[in-house]
Amino acid sequence: MEKDKTIFDFLGNVFCMYGITTALLILFALLFGDSAKEISGMFWLGNEGIPLEVLAEFLLTSFLITGIQYLFFSEKVFRHMSVNWRTICMLGSILIVTSLAIWRFAWFPINMWQPWVYFLLSFLISVAISIGVMYLKTKAEDRRLKEGLERMQKKWKEEETGEEE
């Protein structure tokens, strides 16, 4: 059973996501800002920085995406849906919310196909990295639990036989 999430867990996830996306936004601004400042509201300062309203928009989007994650992995709301379907629906919802943010905040022109391709590629790469990290985390936790179980079984066996090594 998973522990109940608190507002601090939620805020920690929001600001973790916000920090990562802001760091990536800074990197993109440094690399592509001057060439993108004519077509993207995110980069109108070029490689000199990120507009404050864009940072606020990213913060709002981070809140929304974290809310979606908590909603889809809440045992109270989607308890009868498999983890795979929850993940697929969550990713679809995140893609929709982010696309709406792109449109609403004019992060890039919605009628240009190239920014959409880059957005979708970065989304897919992020998903792949997240899946890889979760796989490695699960594998490490499984190994740790297996080792703990083996230690407990050894201890129980020693207690049953009255032996100690």
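The structure is a predicted model, in which local features need pLDDT of at least 70 and side-chain atom pairs count only at pLDDT 80 or more, while totals for chains, interfaces and linings use all residues. Residues are numbered from 1 along each chain as its sequence is written, and side-chain values use heavy atoms, with hydrogens and water left out.

**Fold and dimensions**

- The chain has four helices and zero strands, and its elements run α-α-α-α from the N terminus on; helices (H or I, at least four residues) and strands (E, at least two) are DSSP runs, numbered from the N terminus.
- The radius of gyration of the chain is 22 Å, whereas a compact globule of 165 residues would have one near 15 Å; the radius is taken over C-alpha atoms, and the globule rule is 2.2 Å times the number of residues to the power 0.38.
- Along its principal axes, the C-alpha trace spans about 80 × 35 × 30 Å.

**Burial and the nonpolar cores**

- Of the 165 residues, 25% count as buried, a term that means under 20% relative accessible area, with exposed meaning over 50% and partly exposed in between (1.4 Å probe, protein chains only).
- In soluble globular proteins, nonpolar side chains tend to be buried together.
- The largest nonpolar core holds 15 residues, of which Leu25, Met42, Phe43, Ile50, Val54, Phe58 and Trp107 touch the most other members; such a core is a set of buried Ala, Val, Leu, Ile, Met, Phe, Trp, Tyr and Cys residues joined through side-chain atoms within 4.5 Å.
- Helix H1 (7–36), helix H2 (52–72) and helix H3 (83–105) each supply at least two residues of this core, and H1 gives the largest share, four residues.
- Apart from this core lies another, of nine residues, among them Ile68, Ile94, Phe123 and Val127.
- Leaving aside residues up to four places away in sequence, Phe43 touches Leu25, Phe28, Ala29, Gly33, Ala36 and Lys37.

- Ala106, which lies in the loop between H3 and helix H4 (113–161), has a positive phi of about 50° although it is not a glycine.
- Ala106 is partly exposed, with a relative accessible area of 45%.

Notes
Contact = heavy atoms within 4.5 Å.
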